[in-house]
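Please read these notes with the model open beside you. They go through a few local features in turn.

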Amino acid sequence: MSESVGKKNAKLAKTLLVIAVAMFGFGYALVPIYDVLCEWKWIERDRPDDIKKVPEVAYEVDLSREITVEFITMLNESTPMEFRAEKKQIKVHPGEYNTVNFYATNKTNKDLLARAIPSFSPAVISSYFEKIMCFCFDEQIFKPQETKTLPMRFTINPKLPKEYNTITLSYTYFDNTEKSVKK
Amino acid sequence: MSAVVDEHDHHADDHHDHGPAKGILRWIVTTNHKDIGTMYLVFALAMFFVGGAMAMVIRAELFEPGLQFVDPAFFNSMTTMHALVMVFGAVMPAFVGLANWQIPLMIGAADMALPRMNNMSFWLLVAGVLLLASTLFMEGGAPNGGWTLYPPLVLQPITVGKALPFAVFSVHLLGISSIMGAINIIATITNMRAPSMRMMDMPLFVWTWLITGFLLIAVMPVFAGAVTMLLTDKFFHTSFFNAAGGGDPVLYEHIFWFFGHPEVYIMILPTFGVASTIIPIFARKPLFGYASMVWATGAIAFLAFIVWAHHMFTAGMPLAGELYFMYATMIIAIPTGVKVFNWTATMWDGAMTFETPMLFSIAFVVLFTMGGFTGLMMSIAPSDFQYHDTYFIVAHFHYTLVPASIFMLMAAGYFWLPKWTGHMYNEKIGQLHFWLSAISVNILFFPQHFLGLAGMPRRIPDYAVQFADWNMISSIGGFIFGASQLLFLYIVIDTVRGGTGEKVTDEVWEDAAKHGLEWTLPSPVPYHTWTTPPAIVPTEHVLDSH
């Protein structure tokens, strides 16, 4: 093997190593790229940042349709709480306003900072489900053993495509005491 | 890095006289591509049996409904570890081993381009796999959230115990090892070819490995990044995948499958290379459509990067996304079809004989095509919702991995062992091994299509009674398949120790020297080869492209 082949090998190896390191960076670059794609609605996602409070609009109530809205309440991992909805499901007409109460209890003897994250099924519903008021807009501080009543006021945009008759809305409470997003 | 190369250069001149060092140190410090290739292959074979033993635990538990032998958490550890061990411990290292042995022989190079890095990548592999295996003995057990390590499941204490950081560091080591291996292979192919060998003269095995090398460099770092994010989410309060902190678990699926889909081609492209080497020799014809084989390999590798989300049709995507990933995935059938038709056309009208390597190759063409067709079925987004996470997908990817990658690794063993050792393997036992494997692999995996279509989910230790019959049949096939592989172990050991005693010629197989440089060397292959590059390279395999 001549000297020049050795040099060529080392040079090529360095170039390839740079590509490998760049691809490691690309993996991380996918995180902001994903955010942008979600913003452009290429990927649908429910996220705290995406949940916008919608002003109350007077829709014409569509009495000809009845939509079943189901509520699921969950706790992430070992979040030390109790969490339930006032009703398991309600029937609503598109365009009318409803308020549903949720109840959450801190079962520890310490202050707890918790955050509820919503999720819709089917996912496409999220753009028609308009929330005027929701406990999921913010983190809540629970005093030891405190129970809070958490209202959620919403309407369903009458433009909701005809094929959807049942909406499932699930809330998951996360214990955010350690990693609050509140700066 | 240049220091390493210079040192090798310095010694290169006086290398050709002396053989291997004596004793155990030979294997620890060796920079010889044949020694390192052997170590990779032996290690991969050992891991094949470790991963296989885990598969036996899975099939034993699923033999009947109900919980018989293991608890569910351990069962889930077995499915997770079986996949990780087979992918990163068996199939990938086995192909790197073949590359180490064969690429320098095939292109007329004295050794790999970066021999000392070659040694290091092997020992990092061993360290990585041992680290992974150590999690089996930890409190809480080995990872059991599936080999894809999806959050939030994999981050929850009940599914990781203390194992997660060890699994992540193991992935880092395995990643570094395979990236170094890939750099080495690319450098060898690019710079070390015999002067008379042009790119389009290279044997297909060399071509497929060149392209695989680029896939490895492009995606292994992305996987390393994804698992690093898991690690920081778990221990350093980042929120890449944590919804409460503004992250999104679906992001992980995108990053993972950006790696994961090219990864499955990393395991199949060298398989194609081995098939393209073996079939022409036993059909006694040049490979049909050499140039189209090269372009098809490149096309498959390119498509690998733009189809990842077909693994996650059910995760939530806009309709346009579902359609794009559906059609893009279907396009892969075209270059793959080119390959299957080329192998078939190579056999067409050939003077075929059916020695064990050829039998495995023919079974590969047939059974891999079946695995490809079920892949097409799942590429159809609306029907994928039915198959997703059922035994149908298990059947699909096992058809593309076991009777494809594993069969061609077996074929490669039978095909090149006589060359490497100078001894002929026992053809009778080889044929017995083939027929037992080819029949039992279908008993094992074919019923899983039915189970999946009927709705049996994957990764469960217990199931509804209507799935009992096919599961029992599948398990019986699994036990026969597992036991038959011991024949392969026997044959390998027997061949190394003298085999049938029949002296093999330099060519080993009839007219093989027309097909590749390695068959012009003596059998067994001397410790140092091609210290002066060959003057003429055989181009029989590329005849129809010139």
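1. A charge sits over a ring if NZ of Lys or CZ of Arg is within 6 Å of the ring centre and within 35 degrees of the ring normal. Arg26(B) lies over the face of Trp27(B), 4.2 Å from the ring centre. In chain A, the charged end of Lys148(A) sits over the ring of Phe142(A), at 5.4 Å from its centre.

2. This is a predicted model, in which local features need pLDDT of at least 70 and side-chain atom pairs count only at pLDDT 80 or more, while totals for chains, interfaces and linings use all residues; side-chain values use heavy atoms, without hydrogens and water. Residues are numbered from 1 along each chain as its sequence is written, and chains are lettered from A and ligands numbered from 1 in the order in which they are written.

3. Over all chains there are 60 aromatic pairs (rings of Phe, Tyr and Trp, the last by its six-membered ring, with centres within 6.5 Å; planes under 30 degrees apart count as stacked, over 60 as edge-to-face and the rest as tilted). The rings of Phe223(B) and Phe259(B) are stacked, because their centres are 4.1 Å apart and their planes at 5°.

4. Strand β9 (residues 166-175) of chain A has eight of its 10 residues buried (strands are DSSP runs of E, at least two residues, numbered from the N terminus). Strand β1 (residues 67-75) of chain A pairs with β9(A) in the parallel sense over eight bridges (pairing needs at least two DSSP bridges). Phe71(A) stands opposite Leu169(A) in β9(A). Strand β5 (residues 112-121) of chain A runs antiparallel to β9(A), joined by eight bridges.

How values were computed. Buried < 20%, exposed > 50% of the residue type's maximum accessible area, 1.4 Å probe, protein only. Helix = DSSP H or I, 4+ residues; strand = E, 2+ residues; numbered from the N terminus.
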